[in-house]
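Student: I am new to this structure. Can we go through it in short steps?

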Amino acid sequence: MEEADGNGKSMKGRGRLCCICNKRRAALKRPKTLEQICRECFYEVFEEEIHQVIVENQLFKPGERIALGASGGKDSTVLAYVLSELNRRHNYGLDLFLLSVDEGITGYRDDSLETVKRNEIQYGLPLKIVSYKDLYGWTMDEIVKMIGLKNNCTFCGVFRRQALDRGAALLKVDKLATGHNADDIAETVLLNILRGDIARLSRCTSIITGEDGPIPRCKPFKYTYEKEIVMYAYFKRLDYFSTECIYSPNAYRGFVREFIKDLERIRPRAILDIIQSGEDFRISTSTKMPEQGTCERCGYISSQKWCKACVLLEGLNRGLPKLGIGRSRGLSDDRKKGIKENIGTKSIESKQCGTLDF
């Protein structure tokens, strides 16, 4: 029998009703569950799932100062908006701050930072910006000009991680929350398997990391699909920057990302399955793991004598940009000797990699 509305008119062709409230018309199909739901129910389940992740994993404590890694992109913009809403709604009692890193990429980061500055006003959250130029004496534009496009993501990833920690230290926060979503974590699991990186594989699915370091990091979006973040930002009409980095087209991670997207099309739950696999991995007790210490030069956490950022900077400042990429084989004996003699010096001449003790 054909369904009719209150006026006796047929509802055929009007679309399905939301499978949650069974009142409003479905506006989207959830990528994670394939349920057809209305916008209002989507907002509610999206926010509630994130709230439950925060509560169940005890990500925050009342009175804590939390820095939100803000790039101006969809993930960090939705993170700032949702955490601001949940903080008020559930009385988390948090002091929230936006923390951005200016890598010095003309036509990309300068534009996205304008979005972050608008978010600062829209959400009423204080903003702190730290730059590669101030911290390291180099911009990514200058680094790419020297090394080319092949290994630039290595430099940027290492520098950005340390820059966020140093910015968080300047803000004197208790934790740093990032917008890493379920897709990102699944990608990282596969990347670490492909690279044979046991040390990172053992901790890459942790929702809180760096607890033994100066400032722990947490991922409230650990189980949140990227497609749902995009839908939420679109339906809420949030102000975010959507252009990809101009230096990342050939990044190794990009190939893994495409592979996971293909898997998701066949089996939407594949993303969560990969994360669960990563959580359930057990490292053999006979496997030798690197011991965490501190960099002799800048004081940053490191398993080597120098942290990766200091090694990369040393290469840049000595005109040997590939020094920190892979092994030093291929260098002449004289160059190897010069590098070894230089290790142990207390400063990087004119371009310093400062300390975390602010």
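Tutor: Helix H2 (74–89) and helix H3 (109–123) each supply at least two residues of the lining of the largest cavity. Helices are DSSP runs of H or I, at least four residues long, and strands are E runs of at least two, numbered from the N terminus. The model is predicted: local features need pLDDT of at least 70, side-chain atom pairs count only at pLDDT 80 or more, and totals for chains, interfaces and linings use all residues. Residues are numbered from 1 along each chain as its sequence is written, and side-chain values use heavy atoms, without hydrogens and water.

Student: Which residues line the largest cavity?

Tutor: A cavity is a set of points on a 1 Å grid over the protein atoms alone where a 1.4 Å probe fits but cannot get out, and lining residues have an atom within 4 Å of a point. The lining is Ala70, Gly72, Ser76, Thr77, Ala80, Leu98, Val116, Asn119 and Tyr123.

Student: At what angle do H10 and H11 pack, and is that perpendicular or oblique?

Tutor: Helix H10 (residues 252–266) and helix H11 (residues 270–280) pack at about 120°. Angles run from 0 to 180 degrees between N-to-C directions, with axes fitted to C-alpha atoms over the stretch in contact. Under 35 degrees counts as roughly parallel, over 145 as roughly antiparallel, 65 to 115 as roughly perpendicular and the rest as oblique. H10 is therefore, relative to H11, oblique.

Student: What is the helix share of residues 293–323?

Tutor: The end C-alpha atoms of this span lie 22 Å apart.

Methods. 1 Å grid on protein atoms, 1.4 Å probe; cavity = no way out; pocket = protein on both sides within 12 Å on 5 of 7 lines; lining within 4 Å.
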